[in-house]
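Visitor: I would like to go through this model term by term, asking for each label what value stands behind it. Could you show me the structure and then take my questions in turn?

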Amino acid sequence: MGVKVKPAARRNARQFALQAIYSWQLAQGNVADIEAAFLAADKYEEEDEHQKTEPLLREPETDVAYFRNLFSGVALSHQELDSKMRPYLSRPLQDLDDMEHALLRLAMYELMKCDDVPYKVVINEAVELAKRFGAEDSHKFVNGVLDKAYPRLR
């Protein structure tokens with residue numbers, strides 16, 4: 001049996017992965033450089049007031065391996081993810097908000113590649129991230145897209 005990972009550590013990994021995917025989409029930078037920047041950031045910001053309320057990107061608070069898997073997996077398969085989500089979108093892909101696009105890529109990746117995560121968990125976590133980082137009603141849009149997509153992805 002593998003090591004049991006706490007749900008909060010996975011939730012934190014998703015949050016950091018979403019932020020890294022968003023950064024990668026905007027900057028169109030090197031995936032390894034963006035990952036390294038995210039992993040190094042906590043080493044320099046430990047004492048920052050902001051850090052006291054936000055999770056750190058390190059074990060055991062965050063499942064760092066899962067963060068790496070999600071971020072690199074989305075970056076490597078973004079074209080496939082986009083084509084898989086396209087039939088479930090109510091508007092053209094290029095009209096998506098950058099955060100919604102990053103979030104849908106993340107959730108689609110989890111639905112397609114992370115069989116150990118129940119689809120209800122993927123959808124719920126995506127909706128919660130949309131409420132936190134997305135536009136006012138983006139959580140409804142994200143929920144609708146994923147609800148239509150998951151039966152055909154698993």
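Visitor: How many aromatic pairs are there by the rule for rings?

Guide: In this predicted model, the count comes to 3 aromatic pairs.

Visitor: What makes Phe 67 and Phe 71 an aromatic pair, and why is the pair called stacked?

Guide: Two rings pair if their centres lie within 6.5 Å, and the centres of Phe 67 and Phe 71 are 6.2 Å apart. Planes under 30 degrees apart count as stacked, and the planes of these two rings are at 15°, so the pair of Phe 67 and Phe 71 is stacked. Both residues lie in helix α3 (residues 64–76), where 4 residues, about one turn of the helix, separate them. Phe 67 and Phe 71 are both buried, and together with Phe 38 they form one aromatic cluster.

Visitor: Why is the pair of Tyr 119 and Tyr 150 called stacked?

Guide: The ring centres of Tyr 119 and Tyr 150 are 3.8 Å apart and the planes are at 10°; because the cut-off for stacking is an angle under 30 degrees, the pair is stacked. This pair links distant parts of the chain, with Tyr 119 in helix α6 (residues 119–133) and Tyr 150 in helix α7, 31 residues apart.

Visitor: What makes Tyr 119 partly exposed?

Guide: The relative accessible area of Tyr 119 is 27%, and since buried means under 20% and exposed means over 50%, with partly exposed in between, Tyr 119 is therefore partly exposed.

Visitor: How do you know whether Ser 138 is buried or exposed?

Guide: Ser 138, which has its place in helix α7 (residues 138–153), has a relative accessible area of 3%; buried means under 20%, so Ser 138 is buried. Leaving aside its neighbours within four places in sequence, Ser 138 is in contact with Glu 100 and Ala 130.

Visitor: And how do you know whether Glu 136 is buried or exposed?

Guide: Glu 136 is found in the loop between α6 and α7, and its relative accessible area is 72%; exposed means over 50%, so Glu 136 is exposed. The C-alpha atoms of Glu 136 and Leu 89, 47 residues apart along the chain, are separated by 18 Å.

Visitor: Turning to the helices, why are α5 and α7 called roughly parallel?

Guide: The axes of α5 and α7 come within 10 Å and cross at roughly 25°. Angles under 35 degrees count as roughly parallel, and α5 and α7 are therefore roughly parallel to each other. The passing of α5 by α7 is a right-handed crossing. Among the residues that make the contact are Glu 100, Leu 103 and Leu 104 of α5 and Ser 138, Phe 141 and Tyr 150 of α7. By class, this contact has 13 nonpolar, 1 polar and 1 charged residues.

Conventions:
Residues numbered from 1 in each chain as written. Predicted model: local features only at pLDDT ≥ 70, side-chain atom pairs only at ≥ 80, totals over all residues. Heavy atoms only, no water. Helix = DSSP H or I, 4+ residues; strand = E, 2+ residues; numbered from the N terminus. Buried < 20%, exposed > 50% of the residue type's maximum accessible area, 1.4 Å probe, protein only. Contact = heavy atoms within 4.5 Å. Phe/Tyr/Trp six-rings, centres within 6.5 Å; stacked < 30°, edge-to-face > 60°. Axes fitted to C-alpha atoms, helices over the stretch in contact; angles between N-to-C directions. Parallel < 35°, antiparallel > 145°, perpendicular 65-115°, else oblique. Left-handed = near helix turned anticlockwise from the far one by under 90°. Nonpolar A, V, L, I, M, F, W, Y, C, P; charged D, E, K, R; others polar.
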